[in-house]
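Subject: A structure for you to look at

Hi,

Here is the structure I promised to pass on.

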Amino acid sequence: MFVESSELASLPRIRHAFFTRQGGVSEGVFASLNGGLGSGDDPARVRENRRRMAEHLSVADTALVSLHQIHSGRALAVEAPWGGERPKADGMATGTPGLALAVATADCGPVLFADAQAGVIGAAPAGWRGALDGVLEAVLDRMESLGARRGRTVAVLGPTIAGGAYEVGPELRERFTAADEANERFFARGERDDRWMFDLPGYIGARLRGAGIGAFADLGLCTYADA
């Protein structure tokens, strides 16, 4: 039903999980632990799935906070559950005890952050667009505004499509190398001349290390290889 990181599990006062598609009540293409509020799944099933996630994290059902994700570099500070519609953004940070920050990913990289000393956590879905646009750094900025320090913050990358499975076109490679020529190292030739293999986990790790993260860990689980 879920995967844990030893780096986060060892921190005091922090609970976390990378939930998989198993352990829920949804059916068909959504089977089974679908927590996506905008997915088109039966809302009652989604609510039950999210209740199970919240229960595992030892928070109230209403305290499992998520956003209307838009593949951006925008991150918000969260003080309480949203009173109405979910804001459009991607990263989140909070120092409020009893809140759980939830992001939804398919092949993109779910990144969880924690500064246990400050009692501040963060979360972001880091696809290629969000990572390139700075969502990871935006979360760290928000965390620091709440009292965290990036030099003692732990960030963990959960199940993500691996470099050997992520085929992209030349336009994506050109976009990354235009931003920074050093990004060339995250691309390898594909089987076809007009295709490249992009190492998204490697890029995420490099962005976080460049941002001065205290510790970074990659679970090394590929969403393409393991359905």
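Let's start with a pair of helices. Helix H4 (residues 135-145) packs against helix H6 (residues 200-210) at an angle of about 35°, and their axes are 9 Å apart. Axes here are lines fitted to C-alpha atoms, for helices over the stretch in contact, and the angles run from 0 to 180 degrees between N-to-C directions. Helices (H or I, at least four residues) and strands (E, at least two) are DSSP runs, numbered from the N terminus.

Which residues make the contact? On H4 they are Leu136, Glu137 and Leu140, and on H6 they are Ile204, Arg207 and Leu208. Contact means heavy atoms within 4.5 Å. Sorted by type, the residues of this contact are four nonpolar, no polar and two charged. For that sorting, Ala, Val, Leu, Ile, Met, Phe, Trp, Tyr, Cys and Pro count as nonpolar, Asp, Glu, Lys and Arg as charged, and the others, Gly among them, as polar.

A quick word on where this comes from: it is a predicted model, where local features need pLDDT of at least 70 and side-chain atom pairs count only at pLDDT 80 or more, while totals for chains, interfaces and linings use all residues. Residues are numbered from 1 along each chain as its sequence is written, and side-chain values use heavy atoms, with hydrogens and water left out.

Now the whole protein. There are six helices and 13 strands in it. The radius of gyration (taken over C-alpha atoms) is 17 Å, close to the 17 Å that the globule rule gives for 227 residues, so the protein is as compact as a globular protein of that length. That rule is 2.2 Å times the number of residues to the power 0.38. Of the 227 residues, 46% are buried, where buried means under 20% relative accessible area, exposed means over 50%, and partly exposed is in between (1.4 Å probe, protein chains only).

Gly134 sits in the loop between helix H3 (128-133) and H4, and is buried at 11% relative accessible area. Leaving out residues up to four places away in sequence, Gly134 touches Gly73 and Arg207. Gly134 and Arg207 are 73 residues apart along the chain, yet their C-alpha atoms are separated by 8.5 Å. Thr153 is in the loop between H4 and strand E9 (154-157). Is Thr153 buried or exposed? It counts as buried, at 1% relative accessibility. Beyond its neighbours within four places in sequence, Thr153 is in contact with several residues, including Leu140, Met143 and Ile213.

Last, the cysteines. A disulfide is a covalent bond between the sulfur atoms of two cysteines.

Cheers
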